[in-house]
Amino acid sequence: RSLYHQDGQILIGTSQGEILTLDLECESRKLHVTSHFKGELWGLAFHPHRQHVATGCDDRVIRICDADSRTLLYTRGELSSKIRACSYSREGRQIAVGFLSCRIAVYSEDLSKVVAKVSLAKNWIQVMQYSPNGKLLAVGSHDRKIYVLDATSYQRLSVCRGHSSYITHIDFSSDSR
């Protein structure tokens, strides 16, 4: 999208939300900034024990950044659908991601492994929350249902029906009931 040249270096701003420098003499490049670049940001989750923030949006990319140093730690892109929600497990070893495609995926903390993929709802996922004891994952959908999953196997345990509108927020009591 934009270029600036000075002293053998080119500063580049891309349509993908990146800012990088190319050093013409050393034939090297350095990435300074990377960000979401398309649509709205919906997924946002804080790691329970570290200063890590996970984000996901319409660009179908999930990013995990260190909030203190403001650096990108991990990224996983080209996901199958737009991201609508994310939640860290209580121990922080996994992150669940909810999609516009009515399903969820669970990844390892560094996004390198797919732990589970689950098709759940008849409409898109808007919110997810692990229980305080870490045994359950509640998933709220625009089909007006809350799906309760076992947080180990990610099998559906129950469905809460009868809500009059979309599920936009979920929380557990401190005893996980």
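Arg 60 is partly exposed, with a relative accessible area of 33%; buried here means under 20% relative accessible area, exposed means over 50%, and partly exposed lies in between, using a 1.4 Å probe and protein chains only. Arg 60 sits in the loop between strand 6 (52–57) and strand 7 (62–66). Helices (H or I, at least four residues) and strands (E, at least two) are DSSP runs, numbered from the N terminus.

Before we go on, a word about what you are looking at. This is a predicted model, in which local features need pLDDT of at least 70 and side-chain atom pairs count only at pLDDT 80 or more, while totals for chains, interfaces and linings use all residues. Residues are numbered from 1 along each chain as its sequence is written, and side-chain values use heavy atoms, with hydrogens and water left out.

## Two positive phi angles

Most residues other than glycine have a negative phi. Arg 60, which is not a glycine, has a positive phi near 65 degrees. Glu 78 also has a positive phi, of about 55 degrees, and is not a glycine. Glu 78 belongs to the loop between strand 8 (71–76) and strand 9, and it is exposed, with a relative accessible area of 74%.

## The chain as a whole

How many helices and strands does the chain have? There are 0 helices and 16 strands. Along the principal axes, the C-alpha atoms fill a box of roughly 65 × 30 × 25 Å.

Of the 177 residues, 45% count as buried. The accessible surface of the chain is about 10,300 Å², and carbon and sulfur atoms account for 46% of that; these areas come from the Shrake-Rupley method with a 1.4 Å probe, and for residues only the protein chains shown count as cover. A contact means heavy atoms within 4.5 Å. Among contacts in the chain with a separation of 6 or more, 31% are between residues 24 or more positions apart.

## Two nonpolar cores

A nonpolar core is a set of buried Ala, Val, Leu, Ile, Met, Phe, Trp, Tyr and Cys residues joined through side-chain atoms within 4.5 Å. The largest one holds 19 residues, of which Ile 104, Leu 120, Met 128, Leu 137, Val 139 and Tyr 154 touch the most other members. Two or more residues come from each of strand 11 (103–108), strand 12 (114–119), strand 13, strand 14 (136–141) and strand 15 (146–150). Strand 13 gives the most, with 3 residues. Apart from this core lies another, of 14 residues, including Ala 45, Ile 64, Leu 79 and Tyr 107.

## The largest pocket

The largest pocket has a volume of about 300 Å³. Of the 19 residues that line it, Leu 44, Cys 86, Ser 87, Val 127 and Met 128 are the closest to its centre. On a 1 Å grid over the protein atoms alone, a pocket is an open set of points where a 1.4 Å probe fits, with protein on both sides within 12 Å along at least five of seven lines, and lining residues have an atom within 4 Å of a point. Grid points are joined across faces, edges and corners, and the volume is the space filled by probe spheres set on the points.

Strand 5 (41–46), strand 9 (83–88) and strand 13 (125–130) each supply at least two lining residues. The lining divides into 11 nonpolar, 6 polar and 2 charged residues; Ala, Val, Leu, Ile, Met, Phe, Trp, Tyr, Cys and Pro count as nonpolar, Asp, Glu, Lys and Arg as charged, and the others, Gly among them, as polar. Leaving aside residues up to four places away in sequence, Met 128 touches several residues, among them Cys 86, Ser 87, Ile 104, Leu 137 and Val 139.

## Buried or out in the open?

Is Ile 95 buried or exposed? Ile 95 is buried, at 0% relative accessibility, and belongs to strand 10 (residues 94–99). Beyond residues up to four places away in sequence, Ile 95 touches Ala 54, Cys 86, Tyr 107 and Leu 111, among others.

Lys 122, by contrast, is exposed, with a relative accessible area of 73%. You can find Lys 122 in the loop between strand 12 and strand 13. Its contacts, leaving aside neighbours within four places in sequence, are Cys 102, Asp 143 and Tyr 147.
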